[in-house]
Amino acid sequence: MSDQESPRPARRFARFPKVASYAVVGVLAVSLMIGGYWLYRQSVTQAVNATTTSFMSQIADHDAQSIYNQIDHQWSSLESLVDRLLTTREDDLGELSYQLSVESQTSSFTKLYLVAADGAVHDSALLTTELDKKSWADVYRSTETRSVMRYDLNEPELWGEFVMYTVKLEKPMMCEGELIEGIVGLSPVQDMEEGLRFESFDGRGVAIVVQSSGDVVTASEYYRSDDGENFFDQLEGATFVSGSYDGMRASIEGGKDAVIEYEADDGRYYASIMPIRDSDWYLAVKVNSSVASDQVNELLSRSLVFFAVMGGLVAAVAVVIVRSVRDARVARASEQAKSTFLANMSHEIRTPLNGLVGLQYLMRQNIDDRERLVEYLDQADASATFLKSIITDVLDMSKIESGQMGLYAKPFELPSLMCDIESMMMPQMKTRSLNFVIDAAGVFAPDVVGDEMRIKQIIVNLLGNSVKFTSEGGDVTLSVSQRAGGSGAPITEFRVSDTGCGMSADFLSRIWEPFEQEQRAASQNGTGLGTALSKILAEAMGGTIDVESTEGVGTTFTVSLPLPVSDEEPPVSASEEAVPADTLEGRHVLVAEDNAVNRMIIVDILTDEGCEVVEANDGRAALDAFKASEEGAFDVVLMDLQMPEMNGYEAAAAIRALSRGDAKSVPIIALTANAFREDVARALDHGMNDVVTKPLDVSLLLEKLKALGSN
């Protein structure tokens with residue numbers, strides 16, 4: 001029995017190697033699976049980490065460039081502002097401070113300062129302080145050309161968080177004995193935050209702009225204020241997983257980017273830090289490491305979803321890049337348009353100005369040659385008229401672009417409009433020996449409603465082109481006709497035709513664009529704004545403007561405007577009712593003008609006409625002179641509008657308010673460089689009878705005075 005049972009333990013023990021083998025195989029299999037999983041996880045983790053840090057660097061680079069563009073734009077705005085001040089200022093610190101106040105209201109700067117070499121600081125609140133009393137004095141003094149810093153302002157009238165932009169002037173300007181050497185502008189920090197649209201990583205990433213000291217200038221939406229106000233202090237107290245604090249500081253202070261991984265009390269983070277060009281600021285993109293671990297887990301469990309998410313991220317990045325490229329192109333186009341505008345205006349304004357300066361020199365050289373003096377004066381008149389037209393076109397275009405151009409529809413007569421146009425254009429036609437014909441036979445409703453001044457502006461612009469481009473002996477025709485319109489109002493067509501040189505097909509495709517001129521010898525006298533303005537005005541009145549042209553044959557412009565028939569009698573002006581006097585001999589005139597040269601010109605003109613003139617150098621003096629005069633002493637008052645002490649509006653209103661018989665009846669004519677209708681209406685609202693714009697049309701002024709004199 002025992003012999004039979006003895007093999008069993010051997011068979012039991014024989015099973016152990018087999019079990020062990022299975023165990024070993026299992027362990028090896030599990031080990032291989034774990035090892036493979038671990039290697040795969042490491043590979044995925046490294047790839048995700050690399051992708052995360054790379055993406056952070058791209059965003060940091062993009063946001064750093066965006067912040068730099070904002071800073072550079074503000075610096076450029078300050079330099080442009082100074083250029084405008086240099087162009088428009090008088091040698092008057094008060095006027096300069098006032099212009100600074102106007103600039104602060106129309107620009108992105110909340111407050112502006114002009115700093116003088118002697119330490120005086122003039123600000124846009126019309127206050128003057130000492131540089132040493134400004135907390136930013138040391139920063140200003142240490143600035144060589146440009147600087148930017150965060151500045152917390154806490155003044156009674158203004159407080160908040162601002163970015164301070166400083167520009168030292170390349171060429172300091174002198175004003176009232178003070179040498180202005182620099183300009184400082186304060187812009188709200190919120191304006192810079194607009195450029196930090198950091199929305200990646202599901203809100204777990206932030207973009208932070210920091211100064212060289214580490215103080216936070218501003219940050220994107222998800223930055224927590226309890227993280228502290230100094231970013232470098234946060235890093236100095238952290239444990240670095242990759243890189244080091246000293247290495248990071250050395251890199252960025254040397255102008256290089258730094259990518260770090262560190263662990264703080266509230267978690268583990270990746271950070272990409274890079275300098276912002278031309279400043280001592282840095283842009284930091286900080287992302288919680290959970291972003292990477294979540295992505296790794298998602299990759300391991302749901303690879304397909306991972307690819308979908310990555311596709312979405314790529315699409316998001318593509319959208320960001322496309323938008324950035326588009327915005328950059330728009331910005332470049334805008335800057336190019338501004339540059340083109342300034343270049344065109346510089347050329348067009350300097351051309352007649354050069355003529356005036358040269359003619360003035362020639363007149364001095366030929367002071368005793370009357371014949372040549374008359375010739376030079378005629379040419380000076382032409383240059384001055386052209387300069388005035390340029391300024392008028394630019395102002396009109398500016399009002400149109402700012403949305404402030406208004407239309408004023410009133411009853412008027414088409415025949416009267418044609419007569420005015422004929423009076424304006426006939427001298428030019430005769431000078432050029434052109435045959436000018438006006439045909440209004442197609443008009444069946446002469447009394448219409450519309451903006452007569454703007455319609456006249458369109459037609460005169462088009463006729464002016466015909467004069468320039470038609471050779472001597474050529475024909476220019478203005479025909480007016482009417483046809484029934486779909487809305488009930490008849491369509492009035494103004495057709496301007498000439499037998500001039502015509503236009504090329506290529507130029508016709510660009511004719512309505514501002515500043516476009518066909519490069520021909522005759523076309524170099526103009527801004528290229530006339531046709532653009534005409535089209536804008538015609539379309540604003542609900543009409544159209546078309547052009548047909550053949551080179552060597554001529555050009556025809558057709559303006560079609562819906563002008564309702566008027567049931568009212570067109571208003572008759574005082575000058576039309578009056579019988580003009582033949583002379584101004586013996587007329588008593590009070591002239592209020594603060595500019596000595598302008599006052600001298602007016603006084604000499606009136607004196608030559610036989611007038612007795614009383615001068616006043618501001619509104620207060622004019623009011624006092626009128627009060628001191630006997631009742632009825634003055635036949636008319638010529639009142640400048642922009643004057644010290646008391647402006648023309650206030651002076652006119654004060655005269656009208658006097659308790660004397662002639663206070664409300666004496667004619668008051670405004671003299672102003674503000675030629676827009678709003679300014680004219682304001683003058684009339686303050687009790688003035690009429691307005692004459694500067695530069696003065698002497699003939700028009702004398703006609704108005706003679707008409708008033710006969711009353």
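Among contacts in the protein between residues at least 6 apart in sequence, 62% join residues at least 24 apart; contact here means heavy atoms within 4.5 Å. The model is predicted, with local features requiring pLDDT of at least 70, side-chain atom pairs counted only at pLDDT 80 or more, and totals for chains, interfaces and linings drawn from all residues. Residues are numbered from 1 along each chain as its sequence is written, and side-chain values use heavy atoms, with hydrogens and water left out.

The protein has 20 helices and 24 strands. These are DSSP runs numbered from the N terminus, with helices (H or I) of at least four residues and strands (E) of at least two. Of the 711 residues, 41% count as buried. Buried means under 20% relative accessible area, exposed over 50%, and partly exposed in between, with a 1.4 Å probe and protein chains only.

Strand E4 spans residues 146-155. Seven of its ten residues are buried, so E4 is largely enclosed by the rest of the structure. E4 pairs with strand E5 (residues 158-175) in the antiparallel sense, over ten bridges. Pairing requires that DSSP find at least two bridges between two strands. The two strands form a hairpin, with two residues between them. Within this pair, Met149 stands opposite Met164 in E5.

E9 runs antiparallel to strand E10 (residues 258-264), and three bridges join them. Phe240 stands opposite Tyr262 in E10.

Helices H12 (residues 452-469) and H14 (residues 530-540) pack at an angle of about 150 degrees, with their axes 9 Å apart. That makes H12 roughly antiparallel to H14. Angles over 145 degrees count as roughly antiparallel, under 35 as roughly parallel, 65 to 115 as roughly perpendicular and the rest as oblique. H12 contributes Arg454, Gln457, Ile458, Asn461, Leu462 and Asn465 to the contact. H14 contributes Gly530, Thr531, Leu533, Ser534, Leu537 and Ala538. The residues of this contact divide into five nonpolar, six polar and one charged. Ala, Val, Leu, Ile, Met, Phe, Trp, Tyr, Cys and Pro count as nonpolar, Asp, Glu, Lys and Arg as charged, and the others, Gly among them, as polar.

A further open sheet has five strands in the order E21-E20-E22-E23-E24, and its pairing is parallel. Strands E21 (612-616) and E24 (690-693) stand at the edges with a single partner strand each, so one side of each is left without a neighbour in the sheet. The twist averages 20 degrees from one strand to the next. Strands E22 (residues 636-640) and E23 (residues 668-672) pair in the parallel sense over four bridges. The bridge partner of Asp640 in E23 is Leu671. Helix H16 (residues 596-608) packs on the sheet and touches strand E20 (588-592), E21, E22 and E23. The direction of H16 makes about 170 degrees with that of E21. Helix H18 (residues 648-656) also packs on the sheet, touching E22 and E23. The direction of H18 makes about 150 degrees with that of E22.

Conventions
Axes fitted to C-alpha atoms, helices over the stretch in contact; angles between N-to-C directions.
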